Amino acid sequence: MKITVLGRQMNVYEDMKELIEKKLSKFDKYFNGNCEATVTLSCKHNEKILEITISAANTLFRSEIGADNFRDALDSAIAAIEGQIRKNKTRLARRLRSGGLEFPTDQWTDAPEDEEEETTIIRTKTFAIKPMSPEEAILQMNLLGHQFFVFNDDQTNNTCVVYARKDGDYGLIIPE
């Protein structure tokens with residue numbers, strides 16, 4: 001596993017980098033070493049925030065945890081990613097072995113829109129869009145922890161959106 005450790009407006013010491021690499025090495029058994037991990041450490045309002053993003057076979061696993069210190073945040077983030085893997089292990093194992101796991105996404109912002117005030121784009125994400133089924137899109141949405149997911153339907157080649165409903169079910173938006 002290739003691991004990149006970043007510090008936002010801070011320096012990350014070698015002992016912390018070694019600890020992160022040691023803890024993340026346990027995921028090698030799931031991904032056969034063919035993955036990349038990015039760990040970002042930052043401080044906001046006296047809270048230590050650690051974000052782990054693992055990219056394997058075009059699937060993203062992500063966890064962002066805030067805690068009193070980075071060691072606790074690291075343990076919690078790793079537990080969260082392990083939970084994602086365990087929850088979806090049969091589907092993920094089948095797709096990771098076949099190499100057919102694809103991560104299509106689109107560009108979106110995290111900023112809410114308000115028509116009366118001038119909007120400012122705070123964050124922009126850009127991803128390659130690849131065809132997949134709605135079930136695969138729901139799996140990817142859940143792995144990322146998002147409320148919606150934009151993808152290309154592999155049957156119709158339309159750009160569609162799956163979203164999580166408040167009642168626990170999922171919705172699918174198909175363009176006309």
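Predicted model: local features only at pLDDT ≥ 70, side-chain atom pairs only at ≥ 80, totals over all residues.

Q: Where is the place of His45?

A: His45 sits in the loop that links strand 2 and strand 3. His45 is not a glycine, yet its phi is positive, about 50 degrees.

Q: And what about Asn157, which loop does that lie in?

A: Asn157 is in the loop between strand 8 (148-153) and strand 9 (159-164). Phi of Asn157 is positive too, near 65 degrees, again in a residue other than glycine.

Q: Is Asn157 buried or exposed?

A: Asn157 is exposed, because its relative accessible area is 54% and the cut-off for exposed is over 50%.

Q: OK, moving inside. Which residues touch the most other members of the largest nonpolar core?

A: Leu41, Leu50, Ile52 and Ile54, out of 27 residues in that core. At least two residues each come from helix 1 (14-24), strand 2, strand 3 (47-56), strand 4 (59-67), helix 3 (70-87) and helix 5 (134-144).

Q: Where does the largest share of this core come from?

A: Helix 3, with seven residues. There's also another core apart from this one, of 10 residues, including Met132, Leu144, Phe151 and Val162.

Q: Back to Ile52. What does Ile52 touch, not counting residues up to four places away in sequence?

A: Quite a list: Leu24, Thr38, Val39, Phe61, Arg62, Ser63, Leu74, Ala77, Ile78 and Ile81.

Q: Ser63 is in there. Is Ser63 buried or exposed?

A: Buried, because its relative accessibility is 5% and the cut-off is under 20%. Ser63 is part of strand 4. Leaving out residues up to four places away in sequence, Ser63 touches Leu50, Glu51, Ile52, Ala77, Ala80 and Ile81.

Q: And Thr40, why does that count as buried?

A: Thr40 counts as buried because its relative accessibility is 8%. You'll find Thr40 in strand 2 (residues 35-44). Beyond its neighbours within four places in sequence, Thr40 contacts Leu6, Arg8, Ile49, Leu50 and Glu51.

Q: Let's switch to helix 1. Which residues of helix 1 are buried?

A: Met16, Leu19, Ile20 and Leu24. Looking down the axis of helix 1, these buried residues fall within an arc of 125 degrees, so they line one face of the helix.

Q: Why do residues three or four places apart point the same way in an α-helix?

A: An α-helix has 3.6 residues a turn, so residues at that spacing point the same way.

Q: Which residues are exposed on the other side of helix 1?

A: Glu14, Glu18 and Lys22 are exposed there.

Q: What covers the buried residues of helix 1?

A: The cover includes strand 1 (2-7), helix 2 (28-31), strand 2, strand 3 and helix 3.

Q: Now the whole chain. How many helices and strands does the chain have?

A: Five helices and 10 strands. The chain has 176 residues, and 36% of them are buried.

Q: What about contacts between residues at least 6 apart in sequence, what share join residues at least 24 apart?

A: That share is 43% for this chain.

Q: Last one: what does the accessible surface of the chain come to?

A: About 11,100 Å², with 44% of that belonging to carbon and sulfur atoms.

Conventions. Residues numbered from 1 in each chain as written. Heavy atoms only, no water. Helix = DSSP H or I, 4+ residues; strand = E, 2+ residues; numbered from the N terminus. Buried < 20%, exposed > 50% of the residue type's maximum accessible area, 1.4 Å probe, protein only. Contact = heavy atoms within 4.5 Å. Core = buried A, V, L, I, M, F, W, Y, C linked by side-chain atoms within 4.5 Å. Arc of directions from axis to C-beta. Areas by Shrake-Rupley, 256 points an atom, 1.4 Å probe, with all protein chains shown as cover.
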